[in-house]
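Have the model open beside you as you read.

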Amino acid sequence: MKTSLKLSLLTLSITLMISGCDDSAKIDPARQTGANPELPAAQNFLLPPMQVPRGAAWKQGEKPTVADGLKIEKIADGLQHPRQLTTLPNGDILVVEGNSPPGVTAKPKELIMGLVQKASGKGGAGGNRITLLRRSADGQHWEKHPFLNNLFSPFGVQLIGDTLYVANADAIMKYHYDSGATSITDPGTELTDLPGGPINHHWTKSLLASPDGSKLYVGVGSNSNITENGTGAEYRRAAVLEVDVANGASRIFASGLRNPTGLQWEPQSGKLWAVVNERDEIGADLVPDYLTSVQDQGFYGWPYSYYGQHVDERVKPQRPDLVKKAIKPDYALSSHVAPLGLLFYTGDNLPAEYRGGAFISEHGSWNRKPLNGYQVVWVAFKDGKPQGMPKPVVTGFLTDDHKNVRGLPVGLSMDKEGGLLIADDAGNTVWRVSAR
């Protein structure tokens, strides 16, 4: 599409927002956090309200702000949309670099939404690769090694024994890994395909191995907001899939999860948990994104209802039989924060207050005024359940005036020393948080 038409559509979107399509949030995010979030009446818009800060690179010496008792350092930069992190047994760090694959823009609205979102730095080619970070011999810096190339919009990564599994936008690939290697030359083989296609609305595929290494769990987001691309486009989507490592056979483990990511095992209960990005276009205060345990054969509402049995009237035909089964999520994170990373902290480097809880990265809102998210928070857990309010731990990704965004937190990991690692998508950086 020609630049002039893109600019015209962008101008139209801004005009519509100024002329009354835009709305501001009326509910304090604190009232939409926890087990029982406040949910207002749904609204409808010709064009969804959009509000994004402009992208602005980190300046020399700038870095995020951390809570008292912590310090933060940059351990790698110059990356291409770092998304996920995993720590190998020898202490090396794998950084998955990727961005959305080329695809079809189904509707003019989606084109406008894409243009507005890219203003924050979310656009641009991803690396389609994995970079390995290794501490130097003197421990003073981290070396970068090109580890694995020629991937297709990768996101999830897991190591089981001597096999590395990578979730591309359309398939899980497996590669032989030699312990301590700084690169993989194995061309790889496909374990199983994943929902992809020319329309790949939620292209990211999160990945988690079972404790015994026999299964892989894959978070597959929906192919639309609320099935506007047709129900056929949602086949095996908005779900967590369970894949048999031995033969690639898969089944739907849980469904009705619009975009489940950050899959993790909760250490105390051993249950599967995820953070989920909920639907848009019914108001700045709807729908809260959430953190929840994921039950085998559980149904969580999408697209027919949200946060339990709150029916989404836009979806036709309705399915009251499924709405009746919809499981209410465990813990709301407030509306449009876009949680992408989840880490149950099991180390002992950080102060004692961070042990036994979960860190969550919030990529940040694009359709809420004022902005929401753009931070890493910590949520306490007790007896395998989240407790209290989230505590902001890493902030400053937005400038003080909230007009510019310097970074977007995504993947989280813990290094061998117990430091918290953060993949900064727009900042093309990996940060490390440790005790001061």
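Start at Trp431, which counts as buried because its relative accessibility is 1%; buried here means under 20% relative accessible area, with exposed over 50% and partly exposed in between, using a 1.4 Å probe on protein chains only. Before going on, keep in mind that this is a predicted model, where local features need pLDDT of at least 70, side-chain atom pairs count only at pLDDT 80 or more, and totals for chains, interfaces and linings use all residues. Residues are numbered from 1 along each chain as its sequence is written, and side-chain values use heavy atoms, leaving out hydrogens and water.

Now for the rings. Rings of Phe, Tyr and Trp (its six-membered ring) pair if their centres lie within 6.5 Å; planes under 30 degrees apart are stacked, over 60 edge-to-face, and the rest tilted. That rule gives 13 aromatic pairs. One of them joins Trp58 and Trp431 edge-to-face, at 5.3 Å centre to centre with 70 degrees between the planes. Trp58 sits in the loop between strand S2 (54-55) and strand S3 (65-66) while Trp431 is in strand S30 (residues 429-435), so this pair ties together parts 373 residues apart in sequence. (Strands are DSSP runs of E, at least two residues, numbered from the N terminus.) Trp58 counts as buried too, at 12% relative accessibility.

Next, look at Phe155 and Trp203: their ring centres are 6.3 Å apart and their planes at 80 degrees, so they are edge-to-face. Phe155 lies in the loop between strand S8 (142-148) and strand S9 (156-160), and Trp203 in the loop between strand S12 (189-193) and strand S13 (205-209), 48 residues apart. Both are buried. Elsewhere, ring pairs link Tyr345, Tyr354, Phe359 and Trp378 into a cluster.

Follow S13 into its sheet, an open one of four strands in the order S13-S14-S15-S16, with antiparallel pairing; two strands pair if DSSP finds at least two bridges between them. S13 and strand S16 (250-255) are the edges, each pairing on one side only. Between S13 and strand S14 (residues 215-220) there are five bridges, and Ser206 has Gly219 in S14 as its bridge partner.

What about S23? It gives the lining of the second largest pocket five residues, the largest share. A pocket is an open set of points on a 1 Å grid over the protein atoms alone, where a 1.4 Å probe fits, with protein on both sides within 12 Å along at least five of seven lines; lining residues have an atom within 4 Å of a point. This pocket's lining has 32 residues, with Thr86, Gln158, Leu208, Gln264 and Leu343 nearest its centre.
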